[in-house]
Amino acid sequence: MRKFLLSIVATLTWLSASALDGLTITPFTGDPVTFLYSQEPEISFIGKSLKITTVGSEAPVTLDMDNIKEITLGKSAGVEDLKDVQGIACMAQADGVIFTNIPANTKALVFSLDGRTTPVQTVGADGTLTLSRSELGTGIFIVKIGTFTSKVRL
């Protein structure tokens, strides 16, 4: 899980340059915590904890990495509606990644770093695409959904 979270954190800079403007961390127990990129979140790892500090906050948020259910990256008008994502969103989970809000009839392609196309990925009727380690194995993959492209480490 730590390597997976490190991968997500490492791509935040790239993602913040796209249409995404915030992230929500949902723990297995407790309330979700949302950060907008405008708050300039700084993420550090201390042992098995994820520590996030933001501009203007008095105390950092510290989460046990074993308690993180998912990390949602998305576009929002504010903290209150980050879950009402506009456009494709990405949620990191323990066994993989889920992309949501995919328009109907959109083709999803997944490539390994050596350029091979993985088996065709099916976008669900609910507009979701799930990539899991159990299906694809571990590694870094390029995901192309319509005009949206992302790098994912499983």
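Helices (H or I, at least four residues) and strands (E, at least two) are DSSP runs, numbered from the N terminus. The model is predicted: local features need pLDDT of at least 70, side-chain atom pairs count only at pLDDT 80 or more, and totals for chains, interfaces and linings use all residues. Residues are numbered from 1 along each chain as its sequence is written, and side-chain values use heavy atoms, with hydrogens and water left out.

Leu-23 is buried, with a relative accessible area of 3%; the term buried stands for under 20% relative accessible area, exposed for over 50%, and partly exposed for values in between (1.4 Å probe, protein chains only). Between the C-alpha atoms of Leu-23 and Pro-41 the distance is 9.7 Å, and 18 residues separate the two in sequence. Thr-24 also lies in strand β1, and Thr-24 is buried at a relative accessible area of 2%. The side chains of Thr-24 and Thr-34 are joined by a polar contact of 2.9 Å. A polar contact is a pair of N or O atoms within 3.5 Å; within protein, one must be able to donate a hydrogen and the other to accept it, and residues adjacent in sequence count only if both atoms are side-chain atoms.

Strand β1 has a partner in β2 (residues 33-36), and the two pair in the antiparallel sense over four bridges. Two strands pair if DSSP finds at least two bridges between them. Within this pairing, Ile-25 stands opposite Val-33 in β2. The hairpin of β1 and β2 has five residues between the strands, and in this hairpin Gly-30 takes a positive phi near 105°.

An open sheet is formed by three strands in the order β3-β4-β5, with antiparallel pairing. Strands β3 and β5 stand at the edges, each with a single partner strand, so one side of each is left without a neighbour in the sheet. On average, neighbouring strands of this sheet are turned by 25° against each other, direction ignored; axes are lines fitted to C-alpha atoms, for helices over the stretch in contact, and angles run from 0 to 180 degrees between N-to-C directions. Strands β4 and β5 run antiparallel and are joined by four bridges, and Ser-49 has Asp-64 in β5 as its bridge partner.

Charged side chains come next. The structure holds two salt bridges, a salt bridge being a side-chain nitrogen of Lys or Arg within 4 Å of a carboxyl oxygen of Asp or Glu. In one of them, Lys-48 and Asp-66 meet at 3.0 Å, N to O. Lys-48 lies in the loop between β3 (42-46) and β4 (49-53) and Asp-66 in the loop between β5 (61-64) and β6 (68-74), so the pair ties together parts that are 18 residues apart in sequence. Lys-48 is exposed at 54%, whereas Asp-66 is partly exposed at 48% relative accessibility. Asp-114 forms a salt bridge with Arg-116, with 2.8 Å between the closest N and O atoms. Asp-114 is exposed at 53% relative accessibility, and Arg-116 is exposed with a relative accessible area of 56%.

The last topic is aromatic rings. Rings of Phe, Tyr and Trp (its six-membered ring) pair if their centres lie within 6.5 Å; planes under 30 degrees apart count as stacked, over 60 as edge-to-face and the rest as tilted. The count comes to one aromatic pair. Phe-99 and Phe-148 form this edge-to-face pair, at 5.9 Å centre to centre and 70° between the planes. The pair links distant parts of the chain, with Phe-99 in strand β8 (residues 96-100) and Phe-148 in strand β12 (residues 148-153), 49 residues apart. Phe-99 is buried at 0% relative accessible area, and Phe-148 is buried at 18%.
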